[in-house]
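Student: I have the model open and would like to go through it with you. Could we take one topic at a time?

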Amino acid sequence: MNILLLGSGGREAAIAWKISQSPLCSKLFIGPGNGGTDAFGTNVDLKPTDFPAIEKFCRDNGVNLIIVGNEDPLVAGIRDYFAEKMPEMLLVGPAADGAALEGSKDFAKQFMQRHGIPTAAYRSFTAETIEDGCKFLETLKAPYVLKADGLAAGKGVLIISDLKEAQDSLREMLGGMFGKASATVVIEEFLSGIECSVFVLTDGHGQYRILPVAKDYKRIGEGDTGLNTGGMGAVSPVPFADAEFMKKVEDRIVLPTVNGLIKDGIDYRGFIFLGLINVGGEPMVIEYNVRMGDPETEAVMPRIASDLLPALVAVAKGDLADVKAEEDPRTAVTVMAVSGGYPGSYPKGKLMSGLENVTDSLLFHAGTAKNEDGQLVTAGGRVIAATSYGSDIPSAAAKSFAAIKAIDFDGKYFRRDIAADLC
């Protein structure tokens, strides 16, 4: 079958790597892709939110299946669009009503409350209720968590230790700090624990498969210090997410989520990302995403031992009953190399070299491109990820660190402590 994968990051590179191995895959198009995804398929100049252009491309190229990599097209209603324009098209990803689990923090919190899914206590506020929000902050213990309701490119969450600063930040957020995304702000209690990411494939009819669990590292600095980034690395599996913990996750979170979507009349066919926190052995939901995480995907895809494409087709068709998802028992550790200055301002167009020296790791391009001379250059903050297998975390991590060290570009930076906290 002919497949179109929408997106351009490391997540899409890892999905493309996995999909390209399937005997069911005739042609794989990646729109727009990056400087490395052409190793797995054909890059095409498509904007993931330009639905008419995507429709035309699909018609012209006999595309049978669309896999949506990032959240923006889903929140904007790509599934709804194709349900009307090309109802025969198979598509992995929820319609706009289901995508609201990520598109609106307030919607997600109401969903969890309605279906008894464990999460932090919260209240939502708008500009009209800003003083109520300030008073609500006074009832909480520091630190204070403020979340923009809408999509804010991963920057819409503030964790603040000082009450007055939190109140001032609330006013700034409701005053337009994150544009329309913070027209509503969710204030919730701070949860203390260790986080992990659980990924679920579901078909809209109660069938689901839990994919390998992962943990990512968001802070730019070693020791989890400094600014939040899109993710500096990941590890899978996660030692504390043992059988007992995962049984609680399945019973208390996965099942109520899948069944809750059906009860609410939401035909959800795609990935559900559960951002979880382990609070004294008890799992609680921090957030939902409606696609795979990044950089967790770069560690999760290599740990899926079975062919993923039959599962994705089954999800799109709404019948996952007879499809298995097998795990590779090995550990995978992902280390991300980023541009100097990231997550602030950073240069682009820096020549890259040394990739040919990496032989014992998988390389997933993220922010790369080819210049006019066909040379590989940097084109984003997070540039390239190295993922390695190992019998344990230290052995896998050592390979990934060696791979990143072998790659060279001006300003390269990476964290040298990825997964060290789990050893």
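**Rings and charges**

Student: How far from the centre of the Y217 ring is the charged end of K215?
Tutor: A charge sits over a ring if NZ of Lys or CZ of Arg is within 6 Å of the ring centre and within 35 degrees of the ring normal. Bear in mind that this is a predicted model, where local features need pLDDT of at least 70 and side-chain atom pairs pLDDT 80 or more, while totals for chains, interfaces and linings use all residues. Residues are numbered from 1 along each chain as its sequence is written, and side-chain values use heavy atoms, leaving out hydrogens and water. The charged end of K215 does sit over the ring of Y217, and its distance from the centre is 3.9 Å.

Student: Which residue has R330 lying over its face?
Tutor: Here the distance to the ring centre is 3.7 Å.

Student: How are the rings of F111 and Y288 arranged?
Tutor: Rings of Phe, Tyr and Trp (its six-membered ring) pair if their centres lie within 6.5 Å; planes under 30 degrees apart are stacked, over 60 edge-to-face, and the rest tilted. The structure holds 10 aromatic pairs. For F111 and Y288 the centres are 6.0 Å apart and the planes stand at 80°, so the pair is edge-to-face.

Student: How many residues apart are F111 and Y288, and are they buried or exposed?
Tutor: Buried means under 20% relative accessible area, exposed over 50%, and partly exposed in between, using a 1.4 Å probe and protein chains only. F111 belongs to helix α6 and Y288 to strand β17 (residues 282-289), a pair that links distant parts of the chain at 177 residues apart. As for cover, F111 and Y288 are both buried.

Student: What is the strand order in the open sheet of four strands?
Tutor: Helices (H or I, at least four residues) and strands (E, at least two) are DSSP runs numbered from the N terminus, and two strands pair if DSSP finds at least two bridges between them. The pairing in this sheet is antiparallel, and the order is β6-β9-β7-β8. The edge strands, each pairing on one side only, are β6 (122-126) and β8 (157-160). Four bridges join β7 (residues 144-148) to β8, and in that pairing the residue opposite V145 is I159.

Student: At about what angle to β6 does helix α7 run?
Tutor: Axes are lines fitted to C-alpha atoms, for helices over the stretch in contact (heavy atoms within 4.5 Å), and angles run from 0 to 180 degrees between N-to-C directions. Helix α6 (residues 105-114) packs on the sheet, touching β6, β7 and β9 (184-188), and its direction makes about 150° with that of β6. Helix α7 (residues 130-138) lies across β6, β7 and β9, and its angle to β6 is about 150°.

**A covered strand and a covered helix**

Student: How many residues of strand β18 (residues 331-338) are buried?
Tutor: In a regular strand the side chains alternate between the two faces of the sheet. In β18, T331, V333, V335 and A337 point one way, A332, T334, M336 and V338 the other, and all are buried. The strand is largely enclosed by the rest of the structure because its buried residues number eight of the eight.

Student: Which residue in β22 stands opposite M336?
Tutor: β18 pairs with β15 (residues 233-236) over four antiparallel bridges, where A234 has T334 as its bridge partner. β18 also pairs with β22 (residues 382-390) in the antiparallel sense, over eight bridges. In β22, the residue opposite M336 is A385.
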